Amino acid sequence: MFLPLADNNPYRRIVQPYVTFALIALNVAIFLLTTGLVPAQSAQANALGLGLIPAIFTDGAMLAPDLQVVPSWATWLTYMFMHGGWMHLIGNMLFLWVFADNVEDAMGHTRFLVFYLVCGLFGAAVHLFFNTGSQAPLVGASGAISGVLAAYLLLYPRVRVFGLVFNIIPISIPVWLALGTWVVLQVVHLVTAHGGATAWWAHVGGLVAGAALVAVMKQPDAQLFSHERVLAVTVPRMPLRRP
């Protein structure tokens, strides 16, 4: 397992990744209001009311009136900003913090926001397709973030990323190795049917959407499979002039 902490990838088109900052802030705020700072019973009720429940759309199931927070169709959006616990939130926000800013740089603010939401929607659709009739609420930004990871991998495969292996060992590795390993793990969990309550199909759906959309959503001057490597900044030597 690799936990990303930082990359060395400067912005080329934007001053600041305002959409990325706003998404992180919104995720954290909603988590605190619905889960982190409320009693466990209230948090469970909020997950049912704001998470996406497949059975509502496939089996005609209905929530009790006292649990319904938003219309059922709105849960396709609200589920992306809900998280099941502190570690779920922190892990997702770290991935968003490290990788989303450069994808936003490659796409521009508005296109990136649309890209992010579409990847989340497609992740939910794939999860629903393979979990018809499930009454467990789907929560988390993982589907949308998976799309961001796919885009980053295709845009900046040679950039190095710093993080922790097994959450302990600090290391700097190429992003193709870090994210490529992560993609393989998603497939392994699906094939082996191991992974507990994690919505692996939502991850895969987000990955597919991100890989399919990045070429359409990126700015014309942003290149896929860039061979550019981020080098250390050096001060050029000035020629000596004798008086």
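**Figure 1. Overview of the predicted model.** The protein contains nine helices and three strands, where helices (H or I, at least four residues) and strands (E, at least two) are DSSP runs numbered from the N terminus. The model is predicted: local features need pLDDT of at least 70, side-chain atom pairs count only at pLDDT 80 or more, and totals for chains, interfaces and linings use all residues. Residues are numbered from 1 along each chain as its sequence is written, and side-chain values use heavy atoms, with hydrogens and water left out. Along the sequence, the elements follow the pattern β-α-α-α-α-α-α-α-β-β-α-α. The C-alpha trace spans about 85 × 40 × 35 Å along its principal axes. Of the 243 residues, 44% count as buried; buried means under 20% relative accessible area, exposed over 50%, and partly exposed in between (1.4 Å probe, protein chains only). Among contacts with a separation of 6 or more, 79% come from residues 24 or more positions apart, a contact being heavy atoms within 4.5 Å.

Figure 2. Three strands form an open sheet in the order S1-S2-S3, with antiparallel pairing; two strands pair if DSSP finds at least two bridges between them. S1 and S3 are the edge strands, each pairing on one side only. From one strand to the next, the twist averages 35°. Five bridges join S1 and S2 in the antiparallel sense, and the bridge partner of Pro4 in S2 is Gly163. H5 packs on the sheet, where it touches S1 and S2, and its direction makes about 45° with that of S1. Helix H8 (residues 175-192) lies across S1, S2 and S3 and runs at about 105° to S3. Axes are lines fitted to C-alpha atoms, for helices over the stretch in contact, and angles run from 0 to 180 degrees between N-to-C directions.

Figure 3. S2 and S3 form a hairpin with three residues between them. Asn167 has a positive phi of about 65°, although it is not a glycine, and is partly exposed, with a relative accessible area of 40%.

**Figure 4. Packing of helix H1 against helix H5.** Two packed helices are described by the angle between their axes and the distance between the axes. The axes of H1 (residues 18-36) and H5 (residues 86-107) come within 9 Å and cross at roughly 170°. H1 is therefore roughly antiparallel to H5; angles under 35 degrees count as roughly parallel, over 145 as roughly antiparallel, 65 to 115 as roughly perpendicular and the rest as oblique. The crossing of H1 past H5 is right-handed, meaning that the near helix is turned clockwise from the far one by less than a right angle. From H1, the contact includes Tyr18, Phe21, Ile24, Val28 and Phe31, and from H5 it includes Trp86, Met93, Trp97 and Glu104. By class, the contact has 14 nonpolar, three polar and two charged residues. Here Ala, Val, Leu, Ile, Met, Phe, Trp, Tyr, Cys and Pro count as nonpolar, Asp, Glu, Lys and Arg as charged, and the others, Gly among them, as polar.

**Figure 5. The buried residues of helix H2.** In helix H2 (residues 40-50), the buried residues are Ala43, Asn46, Ala47, Gly49 and Leu50. These buried residues pack against H1 and helix H4 (75-78).

**Figure 6. Asp105 and its surroundings.** Asp105 is found in helix H5. With a relative accessible area of 1%, Asp105 is buried. Leaving aside residues up to four places away in sequence, Asp105 touches Pro10, Tyr11, Arg12, Arg13, Ile14 and Tyr156.

Figure 7. Val15 is located in the loop between strand S1 (2-7) and H1. At 63% relative accessibility, Val15 counts as exposed. Val15 and Phe129 are 114 residues apart in sequence and 40 Å apart in space, C-alpha to C-alpha.
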